[in-house]
Amino acid sequence: MIKMLVVDDEQDVEVLFKQRFRKELRDAEVRIDFAFSGKDALHYLRNLDPFDLILVLSDINMPGMTGLELLRTIRVEFPMLKVMMVTAYGDENNHRTAVSYGASDFVTKPVDFVLLKEKIFKLAQGN
């Protein structure tokens with residue numbers, strides 16, 4: 001089973017992911033947990049078992065702690081986690097920064113869920 005944490009300040013992302021991963025969730029291929037801020041994501045990682053996770057999928061542009069700040073903290077505290085960054089702004093600066101901070105992959109919004117699933121399963125196989 002692929003276990004991932006989706007981090008996004010837009011709470012409707014939870015409904016969207018549950019719809020787009022309906023089959024995988026029903027077939028117990030995937031478990032998705034959600035955090036709605038970088039702070040909440042770190043609380044989750046620090047208090048639950050992050051070793052159970054395969055992937056953190058984080059938005060870059062969030063109020064408070066940005067996804068890039070979250071990525072830097074995850075790299076220090078949980079270096080074994082794979083982190084995929086998602087942003088509505090597909091600019092090269094965010095991409096370069098995310099890669100330099102150790103992002104495993106990078107996707108832009110609107111998310112192509114067929115491509116996202118391929119990337120997630122590919123990352124999970126490399127685990």
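Student: How does Asp105 count at 23% relative accessibility: buried, partly exposed or exposed?

Tutor: You need the cut-offs here: buried means under 20% relative accessible area, exposed means over 50%, and partly exposed is in between. At 23%, then, Asp105 counts as partly exposed. Keep in mind that this is a predicted model.

Student: Which residue forms a salt bridge with Asp105?

Tutor: Start with the general idea: side chains of opposite charge can pair when their charged atoms come close. In this structure, Lys119 pairs with Asp105, and their closest N and O atoms are 3.2 Å apart. That pair links distant parts of the chain, since Lys119 sits in helix 6 and Asp105 in strand 5, 14 residues apart.

Student: How many salt bridges does the structure hold?

Tutor: Ten. Let's look at another of them, between Lys18 and Glu14, where the closest N and O atoms are 2.8 Å apart. These two are four residues apart in helix 1, so about one helical turn separates them. Lys18 is partly exposed at 42% relative accessibility, and Glu14 is partly exposed too, with 24%.

Student: Which residue forms a salt bridge with Lys117?

Tutor: That's Glu24, with the closest N and O atoms 3.1 Å apart. Lys117 belongs to helix 6 and Glu24 to helix 2, so this pair ties together parts that are 93 residues apart in sequence.

Student: Are Lys117 and Glu24 buried or exposed?

Tutor: Both are buried. For Glu24 the relative accessible area is 10%, so it falls under the 20% cut-off. If you skip its neighbours within four places in sequence, Glu24 is in contact with Glu29, Val30, Lys117 and Phe121.

Student: Next, helices. Which residues of helix 6 are buried?

Tutor: When you read a helix, list its buried residues and then ask where they sit around the axis. For helix 6, the buried ones are Phe113, Leu116, Lys117, Ile120, Leu123 and Ala124. They cover an arc of only 130 degrees around the axis, so they are on the same side of helix 6. Turn to the other side and you find Val114, Glu118, Lys122 and Gln125, which are exposed.

Student: What covers the buried residues of helix 6?

Tutor: Quite a list! The cover includes strands 1, 3, 4 and 5, along with helices 1 and 2. As for length, helix 6 has 13 residues and reaches 18 Å from its first C-alpha to its last, close to the 18 Å expected. Have a look at its start as well, where a side-chain oxygen of Asp112 comes to within 3.1 Å of the backbone nitrogen of Val114.

Student: Now zoom out for me. How many helices and strands are in the chain?

Tutor: Six helices and five strands, running β-α-α-β-α-β-α-β-α-β-α from the N terminus on. To judge the overall form, compare the radius of gyration with that of a compact globule: for 127 residues it would be near 14 Å, and the chain's 13 Å agrees. The C-alpha trace spans about 35 × 30 × 30 Å along its principal axes, and 44% of the residues count as buried. Finally, among contacts between residues at least 6 apart in sequence, 68% join residues at least 24 apart.

Conventions: Residues numbered from 1 in each chain as written. Predicted model: local features only at pLDDT ≥ 70, side-chain atom pairs only at ≥ 80, totals over all residues. Heavy atoms only, no water. Expected span 1.5 Å × (residues − 1). Buried < 20%, exposed > 50% of the residue type's maximum accessible area, 1.4 Å probe, protein only. Arc of directions from axis to C-beta. Contact = heavy atoms within 4.5 Å. Polar contact = N/O pair within 3.5 Å; in protein donor to acceptor, adjacent residues only side chain to side chain. Salt bridge = Lys/Arg side-chain N within 4 Å of Asp/Glu carboxyl O. Rg over C-alpha atoms; globule rule 2.2 N^0.38 Å.
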